[in-house]
Structure formats: structure tokens, C-alpha cells
Amino acid sequence: MSDSDIILTAQNVSLTYKTRTGWLKKFQHQALSRISFELKRGDKLGILGHNGSGKSTLLRILAGIVPPTSGRVICPNGIRRSLLTLGLGFREDLSGRDNALLSAMLQGHSNRDAKAHLSEIKEFSMLGDFFERPLFTYSSGMRARLGFSTALYSGIDILLIDEALSVGDATFRDRAKQALDKKLGGDQSLIFVSHMPGQMAALCNHVIWLQDGHVKLAGPVAEVSQQYEQQLINQP
Amino acid sequence: MRLKQFFELVDIQARMSLKAEASKLYLSYLWWILEPILYVLVFYFVFDVVLNNGRADFLLFLMCGKIPLLWFTKSVNSGSNSLVQNKGLIAQLDVPKTLFPYITLQEALYKQWAVFLVLFGMVILYGHNPTLNWLWLLPLIIVQYLFIAVCTLIGALLVSYVRDIRMLIQMGTIFMLFTSGVFWDINLIKNEALKQALLIWNPMVYLIDAYRSILIRDQLYDTQHLAALTGVMAACLALMHGLYRLESKRIAARIVAS
């Protein structure tokens with residue numbers, strides 16, 4: 001593959017949080033330290049790590065939402081990257097239809113585009129009449145279904161996903177998995193964040209294991225997962 | 001994000017917000033008209049019945065000042081919180097940060113039409129029939145919107161640095177209530193230097209007097225002053241947009257970490 005196929009590069013990405021905890025009192029935390037990698041078109045990269053290992057923070061930096069404290073993220077012009085977020089900007093007091101419209105527009109669709117997708121979203125979410133009812137009448141499973149269905153309709157080059165697959169009941173989970181597989185086929189690039197190696201094996205071919213903001217290990221999914229699980233077992 | 005998309009999003013978000021708010025109230029959209037009417041009634045009771053200051057149209061005089069000012073204070077107060085309030089979205093989406101203040105501004109604008117209608121109704125009840133001069137209200141409303149947008153963008157940015165500034169902004173809007181000429185007439189101030197200073201440094205003083213000029217006195221306001229004000233506000237607004245664009249990711253970082 002030539003260099004032109006690289007669609008995202010992280011160079012020594014570090015992030016330090018400074019949080020004010022009181023009058024003139026500050027708490028500093030090194031969330032990420034010197035992370036580097038390259039993502040080529042069609043790559044499926046997993047970021048594995050325990051809670052608090054910095055994976056969600058890294059995802060946010062890769063999505064271009066916040067800047068790293070030092071280091072660089074390079075993404076060529078015209079490459080569209082977006083966090084796949086369940087229930088982005090959902091409001092309790094609006095109907096499923098209105099929420100889906102808002103969410104799709106927030107993800108970069110025009111009003112007309114978003115409206116054209118609404119029937120597909122309704123169909124895929126299997127919400128039926130609930131699609132027209134306000135969100136506060138939804139169960140958590142229904143909410144997740146609406147969120148997933150809405151998020152799926154975004155035409156972007158790099159999908160960034162934060163442990164999104166464990167949604168809804170078993171039937172819907174299968175549909176979600178199939179839909180995602182279909183979307184991920186071919187040239188779609190993916191960065192997937194999870195603390196579960198099982199999910200990772202199904203979606204990714206290459207994995208970075210993050211621990212305390214450092215890259216502990218990087219390599220093919222089987223190898224990294226095995227070491228990661230080994231550590232889980234060895235831990236008291 | 002393209003400009004058209006930005007406007008579409010501002011418009012739809014504002015309308016959805018209003019829809020959601022109305023859906024929670026029994027009287028729903030009727031409150032848009034009821035709220036200003038109740039305001040007028042409260043002011044009528046206090047200033048005409050209890051205090052009775054002698055001026056026959058004092059209530060009208062008050063409302064011509066209070067209603068435009070209310071638009072300003074409501075917009076700036078809620079708009080200044082708009083960035084920190086949308087922490088969830090800002091943490092997940094790389095969008096122009098001006099989006100959030102503009103959504104609150106748009107919400108307030110849509111409501112303001114109803115409020116202005118109440119005001120116009122009141123003006124007519126007091127015997128001032130609409131004339132062609134009323135068309136001059138449109139530039140006034142536009143310039144007031146620009147002024148509100150500038151103040152809200154500054155406020156929201158400052159609050160994203162230090163949340164305590166919210167308290168100062170609330171105090172600031174109370175200060176505006178007393179210094180904008182809602183309760184007094186700028187034309188009755190004898191000290192010419194003070195009068196000029198008020199007109200120049202507090203755009204609401206000029207705007208409120210201009211509204212009264214059209215609605216009560218049926219006279220055209222000082223258009224040169226309005227032209228100058230438009231220029232200054234447009235320049236400030238351009239500056240704020242530049243600053244938001246430059247700071248976009250740092251704003252997100254601050255809000256995510258707070």
C-alpha cells in the first residue's frame with residue numbers, strides 16, 4: 001500500500017488533564033502518553049483497555065473533537081471521521097422521529113437528507129408506533145435501538161465506535177451486528193474501543209492495548225487479546 | 001459544516017426545543033402570548049394602580065422599553081450557558097461551537113415575535129395607529145439581534161473558561177434593566193455629557209428610545225446612530241466568529257475537562 005492510503009496518523013499523541021478541584025487547587029492527570037500509529041483505508045483497528053486506561057479520551061482526540069496536549073493527529077482533507085454515538089443529542093420530550101431527525105442532522109446530514117432516511121430508521125429500529133411517541137415513554141432497549149439505527153445512517157470514511165454493540169435484546173443485537181458488518185465491509189475504516197477482547201475479535205484485525213495511557217502492546221488481534229486475557233486472569 | 005447546514009440545524013434545533021417546551025405545558029404555545037400579557041398586567045398593577053406616577057401613558061412607555069430589554073436579558077442569560085450546558089454534545093461532535101449560542105438565540109427570537117405582537121396590540125389600544133414609520137422597526141430589530149448575538153457569544157465563551165462568570169452575567173442583566181432607560185426617559189436627562197455617554201456605551205438606551213420614537217412619538221429615530229451601531233456590531237460579531245473558529249477545539253477540551 002502506498003502512503004496515500006493512510007487516512008489517519010497519530011504522532012506521539014499525549015494528553016494531560018488539568019481539573020480544578022478547589023480554589024487554586026488543581027489536579028493533573030496524564031491521560032495519554034506518546035501514542036503513535038497509522039490507519040490505512042479499510043483498516044479495522046481496535047483499542048483495548050480497562051476502564052480509565054484512556055481509550056475514550058484517545059477516541060475523542062482521533063475524532064478531532066479535542067486537541068492533544070502534545071503530538072499531532074493528521075487526517076487528510078476531505079476524509080470524514082465521526083464518532084458513532086448512540087443517542088447523540090437525544091431529548092426526552094421529543095418523539096423518536098424528531099430525535100432521529102435532530103441526531104442525523106447533527107452528524108452532518110442536511111435536513112432533506114435526514115428526512116429521506118427517517119423511514120429507513122423507523123423500519124430498522126423496529127419501534128413501530130413508538131417512533132412517534134416521546135422518548136420518555138421508551139424502555140432503555142428501545143432507546144438503544146433508536147440510537148443505533150440513527151447512528152448507522154452516516155456516510156463517513158472513518159467510523160469511531162465506543163463499545164456500542166451491546167444494545168437492545170438478542171434479536172436486535174443480531175440485526176445490529178449484521179448491519180454493522182455490512183457497513184464495515186470493503187473500504188470502510190474503523191476504530192473500535194472496548195474493554196472486551198471478544199467484541200474486538202469480531203470486528204478488528206489489528207489491536208492496540210492501552211494501559212494507563214501507554215501502549216502496552218500492539219499487534220494482530222489474536223495475539224494481543226490472548227495476552228490481555230492472560231493479564232486479566234493473573235490479576236488478583 | 002456548510003453555512004446552509006448550519007442555519008438549518010440552528011433553525012430545526014430551536015424549533016424542536018420550543019416544541020418540547022410547549023409539549024410539557026397544558027396551555028402549550030398559548031404561553032407565548034400569555035407570558036407577555038401577564039408581564040403587562042403586573043407592571044400595570046405596580047406602576048398605574050399602586051405607584052400612579054401621573055403620566056397617562058406610563059405603562060405603554062414602560063412596556064416599549066421592557067419588552068425589547070426582556071428579549072436581550074433572556075437571550076444573553078440562557079445563551080451564556082449554552083456551551084457548558086451542551087457538554088454531552090460537545091464531547092462527541094466536532095461542530096462549530098457558535099452553533100450552541102445561536103440555537104438559544106433563535107429560540108428567543110421565535111418567541112419574541114409573539115411578544116412584539118402583544119406590544120403592538122397594546123400600542124394600538126393606546127390610540128397610536130400603525131403608520132409607514134413602523135417599517136423602521138425592522139432595522140431596529142435586526143440591529144438589536146446583532147447586539148444580542150455579540151453579547152451572547154462573548155458571555156458563552158467567558159463562561160466556558162470560568163463558570164462563575166454566569167453569576168456576573170445575571171447581575172449584569174439586572175444592571176442593564178436600570179441603566180437602559182426602561183423606567184426613565186433618556187430625553188429628560190439634562191446633563192448632555194451623561195446623556196451622550198449613555199447613548200454611546202449602552203446600545204440598549206439608544207434602541208429603547210428608538211422603539212419609543214416609532215411606537216409612541218411616531219417619529220423616525222437617529223438613523224446615523226443606527227448605521228454606526230450596525231457597523232460596530234457587525235465588526236464585533238465577525239471578530240467573535242473568528243475567535244470561536246480559532247478556539248473551537250480548546251473550547252471543547254475545556255468543557256470536556258470541566
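Analyst: Happy to! Please keep in mind that this is a predicted model, with an ipTM of 0.77 and a pTM of 0.86.

Let's start with the three-stranded sheet of chain A. This open sheet has the strand order β2-β1-β4, and its pairing is antiparallel. The edges are taken by β2 (25-40) and β4 (70-74) of chain A; each has a single partner strand, so one side of each is left without a neighbour in the sheet. From one strand to the next, the twist averages 25°. If you zoom in on β1 (residues 6-22) of chain A, you will find four bridges linking β1(A) to β4(A) in the antiparallel sense. One pair to pick out is T9(A), whose bridge partner in β4(A) is I74(A). Helix α1 (residues 55-62) of chain A packs on this sheet and touches β1, β2 and β4 of chain A. The direction of α1(A) makes about 120° with that of β1(A).

Now for the six-stranded sheet of chain A. This one is also open, with the order β5-β6-β7-β3-β8-β9 and mixed pairing. Its edge strands are β5 (81-84) and β9 (214-220) of chain A, each pairing on one side only. Direction ignored, neighbouring strands are turned by 20° against each other on average. Strand β8 (residues 206-211) of chain A runs antiparallel to β9(A), and six bridges join the two. Within that pairing, W209(A) stands opposite L217(A) of β9(A). Here we meet α1(A) again: the helix packs on this sheet too, touching β3 (44-48), β5, β6 (158-162), β7 (189-194) and β8 of chain A. With the direction of β7(A), that of α1(A) makes about 155°.

Next, chain B, which averages a pLDDT of 91, with 99% of its residues scoring at least 70. Where the two chains meet, 20 residues of chain B are in contact with 22 residues of chain A. On the chain B side, the elements giving two or more residues are α1 (3-23) and α11 (223-257) of chain B. The largest share, eight residues, comes from α1(B). By class, this side of chain B has eleven nonpolar, four polar and five charged residues.

Two helix pairs in chain B are worth a look. Helix α3 (residues 58-80) and helix α10 (residues 203-215) of chain B pack at an angle of about 135°, with their axes 9 Å apart. α3(B) and α10(B) are therefore oblique to each other, and their crossing is right-handed. Among the residues making the contact are F61(B), L69(B) and F72(B) of α3(B), along with M204(B), Y211(B) and R212(B) of α10(B). The residues of this contact divide into ten nonpolar, one polar and one charged.

The other pair is α6 (residues 99-125) and α7 (residues 137-161) of chain B, whose axes come within 10 Å and cross at roughly 140°. α6(B) passes α7(B) in a right-handed crossing. From α6(B), the contact is made by P101(B), L105(B) and L109(B), and α7(B) contributes residues including Y145(B), I148(B) and T152(B). This contact has eight nonpolar, one polar and no charged residues.

Notes: Residues are numbered from 1 along each chain as its sequence is written. Chains are lettered from A and ligands numbered from 1 in the order in which they are written. This is a predicted model: local features need pLDDT of at least 70, side-chain atom pairs count only at pLDDT 80 or more; totals for chains, interfaces and linings use all residues. Two strands pair if DSSP finds at least two bridges between them. Axes are lines fitted to C-alpha atoms, for helices over the stretch in contact, and angles run from 0 to 180 degrees between N-to-C directions. Two residues are in contact if their C-beta atoms, placed from the backbone, lie within 7 Å. pLDDT is the predictor's confidence in each residue, from 0 to 100. Ala, Val, Leu, Ile, Met, Phe, Trp, Tyr, Cys and Pro count as nonpolar, Asp, Glu, Lys and Arg as charged, and the others, Gly among them, as polar. Angles under 35 degrees count as roughly parallel, over 145 as roughly antiparallel, 65 to 115 as roughly perpendicular and the rest as oblique. A crossing is left-handed if the near helix is turned anticlockwise from the far one by less than a right angle, and right-handed if clockwise.
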